[in-house]
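Please read the following report alongside the sequence and the coordinates. It moves from the chain as a whole to its helices and then to single residues.

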Amino acid sequence: TEVCFLMVLTLANYSCLEEWKRVLALMLTCEKSVRDRSEFFARFLRLLKRQLERTDDVEGGLFDMSDDGGAFLKVLLKGLKRTLGQIDESKGEEDGIEDVKEEFEEVEKWVKDQYRWELGDEFVRSGMLELEDGEMVMMETKELEGEDESGEYAPVVVDL
């Protein structure tokens, strides 16, 4: 990821940006890597945080990190958080998973401070909202349905 990121940063090369995104997707979705190579993965997360800190070094920003532009990264980070939450705590300490979790918490804190991203799975889909004039209205959102992989949205294995 370092070479791709440096090429994007110095040359503004779009192909390298796409490759950087592919490498991030591969790394942040590899559960086995988190468990088997936790030291490497902790270093990777430390590097990712440094790279994200440098995205504004390019005039106009490296890419749009708003909710729409940074959606690819936000979804990947949410998935990694879910994966880290599922790893057995007792096994994690002896395998170095705690270091990975600490580094992820640093990344999570940084994106929350910088972009106001909430990486947790807890969000309100519907409820009552009080307007400025005191009127209460029922609100419902469907925009986060794609990110919820529990209940009726959980993945299903189909035998053909």
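## Overall make-up

The model is a predicted one, and its chain holds 7 helices and 2 strands.

Of the 160 residues in the chain, 32% count as buried. Among contacts with a separation of 6 or more, 58% are made by residues 24 or more positions apart.

## Helix α2 and its partner α1

Helix α2 covers residues 14–28, and helix α1 covers residues 2–11. The axes of these two helices come within 8 Å and cross at roughly 145 degrees, in a crossing that is left-handed. On the α1 side the contact is made by Cys4, Phe5, Met7 and Val8, and on the α2 side by Cys16, Leu17, Glu19 and Trp20. Sorted by class, the residues of this contact comprise 7 nonpolar and 1 charged, with no polar residue.

The contact of α2 with α4 divides into 10 nonpolar residues and 1 polar residue, with no charged one.

Helix α5, residues 71–86, packs on α2 at an angle of about 15 degrees, with the axes 9 Å apart. Because angles under 35 degrees count as roughly parallel, α2 and α5 are described as roughly parallel to each other, and α2 passes α5 in a left-handed crossing. Trp20, Lys21, Leu24, Ala25 and Leu28 of α2 meet Phe72, Leu73, Leu76, Leu77 and Leu80 of α5 in this contact. By class, the contact of α2 with α5 consists of 9 nonpolar residues and 1 charged residue, with no polar one.

## Helices α5 and α7

Helix α5 has 16 residues and reaches 23 Å from its first C-alpha to its last, close to the 22 Å expected at 1.5 Å a residue. The buried residues of α5 are Leu73, Lys74, Leu76, Leu77, Lys78, Gly79, Leu80, Thr83 and Leu84, and these pack against α2, α3 (31–36), α4 and α7. An α-helix has 3.6 residues a turn, so residues three or four places apart point the same way.

Helix α7, residues 97–115, has 19 residues and reaches 26 Å between its first and last C-alpha atoms, close to the 27 Å expected at 1.5 Å a residue. Its buried residues are Ile97, Val100, Lys101, Glu103, Phe104, Val107, Glu108, Trp110, Val111 and Tyr115. Just after α7, arginine 116 takes a positive phi of about 60 degrees.

## Selected residues

Leaving aside neighbours within four places in sequence, methionine 7 is in contact with Ala12, Asn13 and Cys16. Methionine 7 and leucine 17 are 10 residues apart in sequence, and their C-alpha atoms are 8.2 Å apart in space.

Tyrosine 14 belongs to helix α2 and has a relative accessible area of 58%; it is therefore exposed, the cut-off being over 50%. The C-alpha atoms of tyrosine 14 and cysteine 4, which are 10 residues apart along the chain, are separated by 10.0 Å.

Arginine 43 lies in helix α4 and, with a relative accessible area of 42%, is partly exposed. Between arginine 43 and aspartate 99 there are 9.2 Å from C-alpha to C-alpha, although the two are 56 residues apart in sequence.

Key: Residues numbered from 1 in each chain as written. Predicted model: local features only at pLDDT ≥ 70, side-chain atom pairs only at ≥ 80, totals over all residues. Heavy atoms only, no water. Helix = DSSP H or I, 4+ residues; strand = E, 2+ residues; numbered from the N terminus. Buried < 20%, exposed > 50% of the residue type's maximum accessible area, 1.4 Å probe, protein only. Expected span 1.5 Å × (residues − 1). Axes fitted to C-alpha atoms, helices over the stretch in contact; angles between N-to-C directions. Parallel < 35°, antiparallel > 145°, perpendicular 65-115°, else oblique. Left-handed = near helix turned anticlockwise from the far one by under 90°. Contact = heavy atoms within 4.5 Å. Nonpolar A, V, L, I, M, F, W, Y, C, P; charged D, E, K, R; others polar.
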